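Dear colleague,

Please find below the structure that I am handing over to you. A summary of the findings follows it.

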Amino acid sequence: MNFDLIVKGGTFADGRVADIGIRGDRIIAIEPRIEADAREVIDVTGDLVSPPFVDPHFHMDATLSYGTPRINASGTLLEGIGLWGELKPLLTHEAVKERALAYCDWAVSMGLLAIRTHVDTCDDRLLAVEALLDVRKTVAPYLDLQLVAFPQDGFYRDPTARQNTIRALDMGVDVVGGIPHFERTMADGTRSVTELCEIAAERGLMVDMHCDETDDPMSRHIEQLAYEAQRLGLQGKVNGSHLTSMHSMDNYYVSKLLPLIAEAGVSVVPNPLINIVIQGRHDTYPKRRGMTRVPELLKAGIRVGFGQDCVLDPWYPLGTADMLDVAFMGLHVAQMTSPADMRRCFDMVTTENAAILGLEDYGLEAGKMASLVVLDAGNPIEALRLRPDRLAVVSKGKIVSRQARNDARLVIDGRPASVRRRHRAD
Ligand SMILES: [Zn+2]
């Protein structure tokens, strides 16, 4: 049997060592040793081979715009939204596309091959929607982009957001978004959750809402989101992003809320880098961390992923498209430091995020899409510790990025140091 590509000797996340035989865009065989011809063979003996990273929450219309027209002085969500409002009228189709495509290159180099990005629909021109629809098509051969219609300035609060959000869905945007905590009243927020979920149910679409991204312990839109998911038969198709208010909620109320979310089959995506930076800005000390209750959600059987949210934009001045940075911060803030918990954090930025996006072709199994990343690490926990180089990235059967291993020995105090490969254990 002949293959187009064989990835030889990699260590899987579960510790197995196997060869991966690829033909066209499919994984054809995974066996301890594949003895066959291939047009190309890459030897990854001793390195971690993983299905690609997946980001379930991003803003590609805003990325790489940091400093235009100015920076966020207070560091708050609200100033970020105001700043984005100043930038919006200055956007051009070409500029949005150029920034988004540059970010997609960053993503590919990091082995990040599927991204769910929100796109602002509060703009009568729907310029960013058109630009990101173009980008989705351009990158489709090597990167899966899912677009969420996101009424940034409020589905009801902004006078034309409702019609523009529906227009965006008509144009081919994939997922229904919302921002209930930014509506004028709690009641309007609740109503927006109901109507947006009804729109999704009618169209057979998934829902991904920015939900309760606030330190207000009384912000309870997740309750309505779970209720609507169940009422409209949307189990497994609804995600609540952020849920930061849950950090500050009353414990008794949370004990009632967790089973409701689990029953409704609603998944949750905190964005650790952004939550730790944006929440608690009005606190003195002690200062709240603001990230939602990840271990408790997991214990209740709720699917949880970690998202990147922002890179160099009005809300966040850093970022590299590395989902390992995201998981690294997530495990610190959630105090998930046992070996099992750290391993789970790796899964949260790979397989769990893929399940949230509904990627059915995902995973290192025969018959699945041949997409994978090779990391300069021995196992998932070492990958989290080192956030190492991505030695090779394969997307849909093709090698899309390669990087030579940096094996240079350091000289410390005049002697060759034992440190190599950024402190790899082997
Ligand atoms: Zn967001």
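**Strand β12 and Val268**

Val268 has its place in strand β12; helices (H or I, at least four residues) and strands (E, at least two) are DSSP runs, numbered from the N terminus. Please note that this is a predicted model, in which local features need pLDDT of at least 70 and side-chain atom pairs count only at pLDDT 80 or more, whereas totals for chains, interfaces and linings use all residues. Residues are numbered from 1 along each chain as its sequence is written, and side-chain values use heavy atoms, with hydrogens and water left out.

With a relative accessible area of 0%, Val268 is buried; buried means under 20% relative accessible area, exposed over 50%, and partly exposed in between (1.4 Å probe, protein chains only). Leaving aside neighbours within four places in sequence, Val268 is in contact with residues including Asn239, Leu243, Ile261, Thr292, Val304 and Ile356, where contact means heavy atoms within 4.5 Å.

**Helix α8**

Ile261, one of the contacts of Val268, is also among the buried residues of α8, together with Tyr253, Val254, Leu257 and Leu258. These buried residues pack against α6 (221-231), α7 (245-248), β12 (266-269) and α10 (294-299). Helix α8 has 13 residues (251-263) and should span 18 Å at 1.5 Å a residue; its end C-alpha atoms are 19 Å apart, which agrees. The expected span is 1.5 Å times one less than the number of residues.

Just after the helix, Gly265 takes a positive phi of about 60 degrees.

**The zinc site**

Which residues coordinate the zinc ion? They are His57 (NE2), His59 (NE2), His210 (NE2) and Asp309 (OD), at 2.1 to 2.5 Å. Donors are N, O and S atoms within 2.8 Å of the metal (3.2 Å for Na, K and Ca); water is not among the atoms, so sites may look incomplete. The spacing of the donor residues in sequence is H-x1-H-x150-H-x98-D. His210 in strand β10 (residues 206-211) and Asp309 in the loop between α10 and α11 (323-333) link distant parts of the chain, 99 residues apart. Both His210 and Asp309 are buried.

The angles among the four donor atoms run from 86 to 178 degrees, and the site is irregular. Four donors count as tetrahedral if all angles lie between 85 and 135 degrees; four count as square planar and six as octahedral if opposite donors are over 155 degrees apart and all others between 65 and 115; anything else is irregular.

**Salt bridges**

The structure holds 28 salt bridges, each a side-chain nitrogen of Lys or Arg within 4 Å of a carboxyl oxygen of Asp or Glu. One of them joins Asp153 and Lys88, whose closest N and O atoms are 3.0 Å apart. Asp153 lies in the loop between β8 (144-150) and α4 (161-170) and Lys88 in the loop between α1 (77-87) and α2 (93-109), so the pair ties together parts that are 65 residues apart in sequence. Lys88 counts as buried, at 9% relative accessibility.

Arg39 and Asp4 also meet in a salt bridge (3.5 Å, N to O). Here Arg39 is exposed, at 70% relative accessible area, whereas Asp4 is partly exposed, at 22%.

Yours sincerely
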